[in-house]
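Please look over the sequence and the model below. The text after them goes through a few selected parts.

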Amino acid sequence: MSSAVPRPANKLLTLVFLLRTQPTPQVLLGYKKRGFAHGRWNGFGGKVEPNETIREAAVREMKEESGLLVSNLDEMGVLLFEFVDDPQIWEVHIFRTTHFSGEMTETEEMRPQWFDQCAVPFDQMWPDDKLWYPFVFNNKYFDGYFKFEGLSTILEQRLMEREGPCQSNALE
């Protein structure tokens, strides 16, 4: 009989990157003003709610955090995050789009700002971001796994390009 404790189901999350090419190639990032990972720049996203698809969650979170309504989302990758002393794996579905409408708005949680793709503030972001952002910018599909100690130290990592659209849990 095994004494292993069963691992809880993955925590489903989304992350959306809004890109534009004029005046130069740019990405919209949000500065996290409160809560988990405050003080860092990131894409827009969050938890998938019950009875909500991953894509619906991505659209909802983008609207809640930036005021913008996105469409034509392309799921570029799935990243699995493991944190030491936390048995739940975070399964983050990464989307990109160039299609949006509405007025960009700062919220209580996020301050949106456009960055040239060659000037993304990686020193103020999660340490894994600089490893996989190029896939998003270059329209390449990917999967990855990162194991963290705390919020800044990567203990293990795997990252690979894929031929086509996402296959969930590809690295489990």
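How many residues does helix 1 have, and how far does helix 1 reach from its first C-alpha to its last? Helix 1 spans residues 54–66, which makes 13 residues, and reaches 18 Å, close to the 18 Å expected at 1.5 Å a residue. The model is a predicted one.

Several residues of this helix are buried: Ala-57, Ala-58, Arg-60, Glu-61, Met-62, Glu-65 and Ser-66. An α-helix has 3.6 residues a turn, so residues three or four places apart point the same way. The buried residues of helix 1 pack against strand 1 (11–20), strand 2 (26–32), strand 4 (69–71), strand 6 (86–97) and strand 8 (110–116). After the helix comes Gly-67, with a positive phi near 85 degrees.

Leu-80 lies in strand 5, residues 74–83. Leu-80 counts as buried because its relative accessibility is 4%, where the cut-off for buried is under 20%. Its C-alpha is separated by 9.6 Å from that of Lys-11, although Leu-80 and Lys-11 are 69 residues apart along the chain.

Asn-10 is found in the segment before strand 1. With 19% relative accessibility, Asn-10 also counts as buried, and its side chain makes a polar contact of 2.9 Å with the side chain of Glu-91.

How values were computed:
Residues are numbered from 1 along each chain as its sequence is written. This is a predicted model: local features need pLDDT of at least 70, side-chain atom pairs count only at pLDDT 80 or more; totals for chains, interfaces and linings use all residues. Side-chain values use heavy atoms; hydrogens and water are left out. Helices (H or I, at least four residues) and strands (E, at least two) are DSSP runs, numbered from the N terminus. The expected span of a helix is 1.5 Å times one less than its number of residues. Buried means under 20% relative accessible area, exposed over 50%, partly exposed in between (1.4 Å probe, protein chains only). Contact means heavy atoms within 4.5 Å. A polar contact is a pair of N or O atoms within 3.5 Å; within protein, one must be able to donate a hydrogen and the other to accept it, and residues adjacent in sequence count only if both atoms are side-chain atoms.
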